[in-house]
Amino acid sequence: MNQEFLEFVSIQLMKNNKTSLYVQLYDNLRELISSGKLSYGYLLPPVRKLAAFLAVNPGTVVNAYKLLERNGYIFSRAGSGSYVAEIPVNGDTEYQPAAEIELESLPPVTVHPGKNCLDFATVMPPPDLLPIDDFKNLLIEVLDRDQGKAFSYQDSQGFEPLRQAISTYLKEQGIKAQANNVQIISGAQQGIDIVAKAVLNYGDYVFTENPTYPGAIAVFRSRGAKIVEINMESDGINIQELETKIRSFRPKLIYVMANIQNPTGYSYSLGKRNRLIGLARRYNALILEDDYISELDVSDAPLAPLKALDRDQRVIYLKSFSKIFMPGLRLAFLLMPPSMVAKVLASKHNSDISTSGLTQRAFDLYLRKGIWQRHIAAIRRIYLERYQTTLAAIEQFLPPGITCHRPRGGLTCWLALPEGVSAQQVVQAAEQQGVLLTPGTAFFPRHAPDRFIRLSFAVVCSEEILQGVKILGEIISQYCLRNMGK
């Protein structure tokens, strides 16, 4: 027996089986990797050699290797070969189908919010919190002032007075910003997309937090990037894991949410912020910082964005106003390193030419007149009450064994269920009782554990929070009792 193929003698491919040969090979190799027989860093045989040993067409091995890489079991290096990836050991993790999973910003639900439905899934502000009157007055002012110009195509980089107002706003947060480096975009999702188009080539590595925003996962996959996830801790990304993997993979881009991360609510410590930027500098990686809700930091000492620590133009700062302003306006911006302005501008122009001129002009006045600051102060007071009510309800109604990190603010809480309790089953049972929740499985790039729930208090009042969390606690308690009886 050739010593090179000792690990593969157990592989049996049935040519008369309905399952394709490459899928059979994929399943066999996946089992060898998951069981530890092929360990992290193991160099797989070259395609032609393994094909000859198994007496199959080389294309069968190629397709099996591609499927393994797509699902995170192996990674490849040009001119070197394919290696076994680091696979987290989790007995509760179920095998994901080989086909690519399309991820949306929120998983679908079968019950639509209504009078008798308690919606803990939505993370957008409810209509009654939107500053309609202020915005209406500003729209009238813009139309009186600019007439038809308000409806013409804007400069693809954005309305210059708005870019100047944003740079002034950023300086108040300790970020050095120039209007020439600001790119106005149509929502955070477009921002991630045009940065990916400007930075990434097919096969480049991207690091993401684990768990993370599903929309970012979908964008990076659409670009053919190889996603390497780094686990989150209560004070930010796992730096030791980051350091180990950044040496091996040399990513082009690291996607993070340093303040009130979605979905966990974790915020990076100052030490981890500095270490992250230092590692990115050492290994020549860019950081895309997604700041979607830092204005709702209700702690005594709000943290400045990661970008405020950027000294060598390493951080691309993405700021969206959807969660705290008017979601349907689709307004956000990027603050870019000067070297990236032209690339991002070209990507933006190819995407949709420019963002709505009327929206940009109105929001420019919104910033300049100080209305934005008053709006933030008002909704922060409202959400502080809901935040405090939610944490108190969790402590009062949820059974022991549930872990809930206390975020610095935001709109959500991240719940870890007791061992053996399925988040998917809890979410389905809650839905049947009119309580909508988001299972945590939607936020993991791969190997999603079925024990997390994201609970949002964006659209529920204090009374509804108490009612909904009490129902959730009763459901979880029932599942805990069932597990004890097994």
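Predicted model: local features only at pLDDT ≥ 70, side-chain atom pairs only at ≥ 80, totals over all residues.
Residues are numbered from 1 along each chain as its sequence is written, and side-chain values use heavy atoms, with hydrogens and water left out. Local features need pLDDT of at least 70 and side-chain atom pairs count only at pLDDT 80 or more, while totals for chains, interfaces and linings use all residues.

Q: How many disulfides does a search of the whole structure find?
A: A disulfide here is a pair of cysteine sulfur atoms within 2.5 Å. Cysteine 413 doesn't make one, because the closest cysteine sulfur, in cysteine 404, is 4.4 Å away and that's too far for a bond. Cysteine 461 is in no disulfide either, with the nearest cysteine sulfur, that of cysteine 117, 13 Å away. Over the whole structure, the search comes up with zero.

Q: Is cysteine 413 buried or exposed?
A: Buried means under 20% relative accessible area, exposed means over 50%, and partly exposed is in between (1.4 Å probe, protein chains only). Cysteine 413 has a relative accessibility of 1%, so it counts as buried.

Q: Which class does cysteine 461 fall into by relative accessibility?
A: The value for cysteine 461 is 34%. That makes cysteine 461 partly exposed.

Q: Which residues line the largest cavity?
A: A cavity is a set of points, on a 1 Å grid over the protein atoms alone, where a 1.4 Å probe fits but cannot get out; lining residues have an atom within 4 Å of a point. Grid points are joined across faces, edges and corners, and the volume is the space filled by probe spheres set on the points. The count is one cavity of 30 Å³ or more, and the largest has a volume of about 30 Å³. Its lining is Val123, Asn262, Tyr292, Ile293, Lys323, Leu411, Thr412 and Arg454.

Q: Where is the proline that a cis peptide bond joins to asparagine 262?
A: That bond links asparagine 262 to proline 263, with omega about 20°. Helices (H or I, at least four residues) and strands (E, at least two) are DSSP runs, numbered from the N terminus. Proline 263 sits in the loop between β8 (253–256) and α9 (270–282).

Q: What is the phi of isoleucine 353?
A: Most residues other than glycine have a negative phi. Isoleucine 353 lies in the loop between α10 (341–352) and α11 (357–368). It isn't a glycine, yet its phi is positive, at about 70°.

Conventions
1 Å grid on protein atoms, 1.4 Å probe; cavity = no way out; pocket = protein on both sides within 12 Å on 5 of 7 lines; lining within 4 Å.
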